[in-house]
Structures are given as structure tokens and as C-alpha cells.
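The following paragraphs lead the reader through a structure, from a single side chain to wider features. Please keep the sequence and the model in view while reading.

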Amino acid sequence: MKKTINRKDYYGGALMVLIGMAAIYGGTDYHIGSLSHMGPGFFPAALGGLLALTGLLIAMSARSAEPAAPAPAEGHPTGMPDIRGSVCILLGILAFLLLGHYGGLLPATFAIVFISALGDRKNTIKQAILLSITMSAIAVVVFWWALQLQLPLFRWG
């Protein structure tokens, strides 16, 4: 069988390896330390190593034994590009900024997840609401309770 290479995966994996190696190199400018006494360079070097390893695995998986199936057609049936996802993500970010300033962490988190989830045509309103509630609960536990972020849960005005 003829081996084919998925160029997007190959180049994406190679880019991840380069960025990971750059992060490792940047982390070596600081004291790395050890696992028990981590220095300021340990975290960027460790994340860079994980990123490089993941990129290497993605690039290696780009080779397949059989030709890839053609991708399904994207966009509108009229031939126009489908910008629904991009618009929903941008609107979600704007809603988060506005509600984070005037409404607090819970409304802002709910809004960004709900609006962004509507960018995927496969999501239903019910799925978007369930995802938003779940992510809001996680945001409360992680950011408000565990990290004690100085953003109130609710703010009026």
C-alpha cells in the first residue's frame, strides 16, 4: 500500500515541536531547579517538552497506510464561507468582557460558553445550556473558590 501524508497534521505537528523547543530554550534562561524545588524556568521548560512531544506524535501520525477520504464540503450550500462559528466566538468574548465588568463571574462565564457553543451547528439550545451550567460550576470552583480570583460571582451595575 502506498503511504500518504496528511500535510496539515504534519506541518501542525512540526510547528508544535518548534514552539515547544523554543519554550524549552526560553526556560533555560531561568533557574530550572528540580521537582522538589522548582525554579522559575521549570514550568515553561516542562510545558515546552510536553508540547514538543505532542507535536512529534501528531506529526508521526500524519503518515497513514491508506489515502485519506476527501473532506466533506464546508460552508454554505451557496458556496459562501460559513462564518457562524467565528461570529459566535467573537460575540461570546464581547459578552464575557461586558458581563464580567458589570455582572460578575457567573453571568460572564455562562454567556461566553453559551454563545460560543451556538457557533457549532450540531449543538442544540439544550446542549448549550447544559454545557454553560457545567462550565459555570467549574469556573466557580476553580477561579472563585480555589484560586480566589478577585472577580465577584455577581455584580450589579
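In this predicted model, a polar atom of the Ser136 side chain lies 2.8 Å from the backbone oxygen of Ser132. Ser136 belongs to helix 5, which comprises residues 125–146. Is Ser136 buried or exposed? Its relative accessibility is 5%, and because buried means under 20%, Ser136 counts as buried. Leaving aside residues up to four places away in sequence, Ser136 touches Leu106, Thr109 and Phe110.

How many aromatic pairs does a search of the whole structure find? The search finds two. Tyr10 is partly exposed, at 40% relative accessibility.

Phe110 and Phe114 also form an aromatic pair, with 5.9 Å from centre to centre and 10° between the planes, and this pair is stacked. Both residues lie in helix 4 (residues 105–117), and because they are four residues apart there, about one helical turn separates Phe110 from Phe114. Phe110 has a relative accessible area of 29% and is partly exposed.

Finally, the UniProt record, an unreviewed entry, places the feature "transmembrane region" at residues 12–30, 42–63, 83–116 and 128–147. Residues 12–30 are 84% helix and 0% strand, with their end C-alpha atoms 28 Å apart. For residues 128–147, the end C-alpha atoms lie 26 Å apart, and the span is 95% helix and 0% strand.

Methods. Residues numbered from 1 in each chain as written. Predicted model: local features only at pLDDT ≥ 70, side-chain atom pairs only at ≥ 80, totals over all residues. Heavy atoms only, no water. UniProt positions renumbered as here; feature names shortened; annotations may be inferred. Helix = DSSP H or I, 4+ residues; strand = E, 2+ residues; numbered from the N terminus. Phe/Tyr/Trp six-rings, centres within 6.5 Å; stacked < 30°, edge-to-face > 60°. Buried < 20%, exposed > 50% of the residue type's maximum accessible area, 1.4 Å probe, protein only. Polar contact = N/O pair within 3.5 Å; in protein donor to acceptor, adjacent residues only side chain to side chain. Contact = heavy atoms within 4.5 Å.
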